[in-house]
Amino acid sequence: MKTYDLIVIGSGAAGMIAAIRAARDGKSVLLLEQQEKLGPKLKATGGGRCNLTNTLDNSDFMNSFGRNGRFMMDAITLFDYKDLMNFFKEIGVDTHIPDGFRVFPITHNSSTIIKALEEELIKQNVEIRCNTKAQTLLFEGEAIVGVQTLDDKFLSASVVVATGGLGYPMLGANGDGFTFAKELGHKVTDLYPAMLPLISKEKWVENCKADTIAKAELRIDLPKAKKLKAVGDLIFTSKGIRGPVVLDFSREVTPFLEKHGEVPLIINMIKGKNEEEVRVHINNEIKNNPDSSVLENISSLVPPSVAKALCILSKADTNKKFKDLAGQIRDKLIKNLVSTPLTIIDHVGFKQAMITRGGVSLKEINPKTMQSKIIKGLYFCGEVVDLDGPCGGYNLQWSFSSGNLAGKLLDF
Ligand SMILES: Cc1cc2nc3c(=O)[nH]c(=O)nc-3n(C[C@H](O)[C@H](O)[C@H](O)COP(=O)(O)OP(=O)(O)OC[C@H]3O[C@@H](n4cnc5c(N)ncnc54)[C@H](O)[C@@H]3O)c2cc1C
């Protein structure tokens with residue numbers, strides 16, 4: 001039985017940086033990873049390009065995580081995107097910001113990130129054990145004392161749980177961290193799949209399959225969700241919607257779906273134009289082409305397949321000249337253009353959820369250290385914690401920042 005200053009469970013962004021931080025501070029560290037190689041999920045990030053972080057200032061960054069975002073104040077202040085870029089520079093990875101916002105390794109290859117982290121772990125003498133699954137956390141009274149794996153028992157007065165969430169199980173997400181937390185008396189909030197495609201009740205989406213709507217605006221048509229909104233590219237699928245805006249917004253939708261069984265969305269597919277602006281646009285079209293059909297006219301605002309679907313929804317004859325359309329139907333069509341109703345009835349599940357909404361309750365974690373308030377020497381970081389951000393480098397930055405803070409073992 002070997003004793004370490006720290007055992008880290010999970011070799012994602014959070015776990016690897018926690019191990020490096022502790023080892024750099026002179027601690028003996030064991031890193032356990034159940035999969036064959038380090039950083040399986042990290043490898044898949046950003047479509048293999050790894051969107052490491054973004055250039056938002058700390059305050060806006062925290063706000064993007066919603067109500068609980070302020071929890072990350074200490075972690076982010078200690079290690080923000082500039083520190084992350086410097087850290088990677090130090091370990092030989094140049095980063096760049098091609099669109100002025102999202103930060104990538106200059107190679108645009110997540111393997112660069114994993115290789116550099118692995119080399120640094122080795123340089124800092126971290127003992128790495130892949131194919132080694134932590135089975136249970138060992139504790140005595142209210143203090144952690146080690147980790148039990150299938151074949152071994154490892155002792156340590158400090159354990160960092162960096163086991164990630166439930167999304168993409170084939171990349172190592174199995175929810176073990178939630179089980180460990182619960183076994184030791186922690187509350188785990190309700191868990192929902194987030195950042196995933198959604199399935200609609202309306203079948204017309206199928207005819208619009210693969211059509212992309214730029215800058216679509218999504219809202220939830222429920223009284224409790226009035227303030228929620230997301231803007232970005234939307235893509236129709238054979239069963240519903242996907243695309244960046246859907247990935248971002250799905251984390252708001254799935255909890256309502258669980259509660260209500262279906263969620264009414266309102267989509268503006270015409271770059272936020274209001275009814276009056278659409279009327280002006282349509283009238284200009286009629287002026288330029290008085291004999292234009294309803295379909296031709298509406299297709300100047302949305303792709304023809306979507307125009308057709310909205311005409312059918314509004315009971316507007318697509319072949320009719322727009323100028324001959326009855327006032328009532330014209331009004332309905334304009335309303336449907338500005339606020340297209342779409343009812344979400346399902347999602348594709350955790351197997352395609354890029355992140356998990358919910359996690360180990362923030363109330364029982366000290367934000368200054370990431371240590372459990374219940375069990376001494378137990379730390380949580382990364383996605384296992386009840387914080388989730390939108391698309392665009394937010395979630396990896398949180399994993400790196402919280403892992404960095406946990407690895408400092410401030411109460412050691
Ligand atoms: C396809 C995809 C693309 C993404 N792209 C981006 C992106 O570009 N930018 C961004 O910011 N975010 C992105 N995300 C989200 C981001 O990857 C996660 O938020 C982040 O990786 C979480 O890091 P983590 O270290 O907390 O957990 P993980 O990276 O999930 O690591 C947890 C590790 O713990 C291991 N583990 C679990 N249980 C045990 C156990 N009992 N014993 C031993 N090991 C265990 C797992 O095998 C896993 O390797 C993406 C997610 C997915 C799925």
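**Close-up views of a predicted model**

**View 1. The residue K315 follows helix α11.** The phi angle of K315 is positive, near 60 degrees. This model is predicted. Helix α11 itself covers residues 304-313.

**View 2. Helix α11 has a buried set of residues.** The set consists of V306, A307, K308, A309, L310 and C311.

**View 3. Residue E118 sits in helix α6.** Helix α6 spans residues 110-123. Is E118 buried, exposed or partly exposed? E118 has 17 other C-beta atoms within 10 Å, so E118 is partly exposed. Now find A18. E118 and A18 are 100 residues apart along the chain. Their C-alpha atoms are separated by 13 Å.

**View 4. Domain 1 meets domain 2.** Domain 1 is made of two stretches, 2-192 and 358-407. Domain 2 runs over 197-348. The C-alpha centres of the two domains lie 39 Å apart. How many residues of each domain are in contact with the other? On the domain 1 side there are 4, and on the domain 2 side there are 7. The touching side of domain 1 divides into 3 nonpolar residues and 1 charged residue, with no polar ones.

Methods:
Residues are numbered from 1 along each chain as its sequence is written. This is a predicted model: local features need pLDDT of at least 70, side-chain atom pairs count only at pLDDT 80 or more; totals for chains, interfaces and linings use all residues. Helices (H or I, at least four residues) and strands (E, at least two) are DSSP runs, numbered from the N terminus. A residue is buried if 20 or more other C-beta atoms lie within 10 Å of its own, exposed if 12 or fewer, and partly exposed in between; C-beta atoms are placed from the backbone. Domain bounds come from an automatic or database domain assignment. Two residues are in contact if their C-beta atoms, placed from the backbone, lie within 7 Å. Ala, Val, Leu, Ile, Met, Phe, Trp, Tyr, Cys and Pro count as nonpolar, Asp, Glu, Lys and Arg as charged, and the others, Gly among them, as polar.
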